[in-house]
Amino acid sequence: MAANEKFDYLLRLGDSTLILSQRLAEWCGRAPALEEDIALANVALDLIGQARLWLACAAEVEGEGRTEDQLAFLRDAHDFRNLLLVEQPNGNYADTIVRQFFFDAWQYPLLQALTASSDQRIAGIAAKAVKEVAYHLRRSGDLVIRMGDGTAESHDKTQAAADKLWMYTGEMFERDGVDEAMAAQGVTGNAGALRETWLAHVREVFAGATLIVPAPDAWMQTGGRRGRHTENLGYILAEMQFLQRAYPGAQW
Amino acid sequence: MATDPVPAVARVWTWLAEVPDPEIPVLSIVDLGIVREVAWSDAEGRAECVVTITPTYSGCPATAVIAESIVVALHDHGVADVRLETRIAPAWTTDWLSDAAKRKLKQYGIAPPAQQVVAISAIGRGARSDPIVPCPRCGSTKTQCTSQFGSTPCKAMYRCLDCLEPFDYFKCH
């Protein structure tokens, strides 16, 4: 039972990084400027690297002989445990950057807490990933400010993106049986003040961006961490998993 | 050519020091601090060379190429049995770059890391202290970051406001 909870917890970490990575990769060759294209690809690479580490760890904890690749390519949408936020469409550039900022500002303090995990392997992955995410967060925060405090059009689009994505942020701070079990075992380190840390960072950046922070007690959509997803995930998987579905076991 | 089946660990290190990084060939994988340990172990009666590596970034695409280059390089020196182990903790840091490596980077046109480990606690807007990165061509400190992300995960893009040349910066990590 304990192993299953840790497996679920690792899937949540791995799936969110995997799906966001896949989303960012959709921008490859299409971003509004070369520097942006390169930056998005870099962030996507970091996230896919982290996803591999988390999913490899999950596969080992599960102990059923599955591999990281099988977890990524041979599960259907209801078995994915990623946040709803990361499966939301890329939309316009403000949608992509606000989504990234909300995620980075959550992932950074989460990973910081996980570096103190009682599970040495999880602590090791977090210590590595947190250094990468520091750069992601600096960039996404800077861009939110640049776009929010930019032209009237960029301001309005960035505010609209924040308002639209806000309802997917509540899920990041939910605690269910899996989280409680992981906290009891010391696996999650000290993640207690995660929501306050996140909100403080969002408020600081939004103030610099002349954006209005939506109401923290607004209604929130949830379900991703329990396998209940928006319709977007199926389309992502259809593309991401196509090769393994069409040619099972293909390797190169 | 007669080769020693179990060459000394120190010799294996000198061979690994000749394996270039696939993205920044002016540096070897030893210069970069990717190779952490070399040891011989007994694998059912056969001597097996175990090379422990620490990847730079989680998703660095060069990692697979580096692993392959190590095996090929050791095979070329007569070491038939090579096993690679990946160690992610402690996490790779640019502090592991040798001074020689930093000189080589600069000569190659890439500005070396300008400070020790990045202060990741200082990511808030207020507490921001970006390092001064001198231009590797003209030495001017009037430079500007154009993007925190460059052509490989380990680099950022800068431009020099004096000689007007763009250049890569090997960012602190």
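## How chains A and B meet, and what lies within them

In this model, 26 residues of chain A are in contact with 22 residues of chain B, contact meaning that C-beta atoms, placed from the backbone, lie within 7 Å. The model is predicted, so local features need pLDDT of at least 70 and side-chain atom pairs count only at pLDDT 80 or more, while totals for chains, interfaces and linings use all residues. Residues are numbered from 1 along each chain as its sequence is written, and chains are lettered from A in the order in which they are written.

On the chain A side, α2 (34-62), α6 (120-148) and α9 each supply at least two residues; helices here are DSSP runs (H or I, at least four residues), numbered from the N terminus. The most comes from α6(A), with 13 residues.

Here is how the residues split by class (Ala, Val, Leu, Ile, Met, Phe, Trp, Tyr, Cys and Pro are nonpolar; Asp, Glu, Lys and Arg are charged; the others, Gly among them, are polar).

| α5(A) with α9(A) | nine residues | two residues | no residues |

Now for that helix pair: the axes of α5 (residues 93-114) and α9 (residues 194-208) of chain A come within 9 Å and cross at roughly 140°. That makes α5(A) oblique to α9(A) (angles under 35 degrees are roughly parallel, over 145 roughly antiparallel, 65 to 115 roughly perpendicular and the rest oblique). Among the residues making the contact are Phe101(A) and Trp106(A) of α5(A), and Trp198(A) and His201(A) of α9(A).

Chain B, meanwhile, is divided into domain 1 (9-86) and domain 2 (97-170), with bounds from an automatic or database domain assignment.

Notes
Axes fitted to C-alpha atoms, helices over the stretch in contact; angles between N-to-C directions. Contact = placed C-beta atoms within 7 Å.
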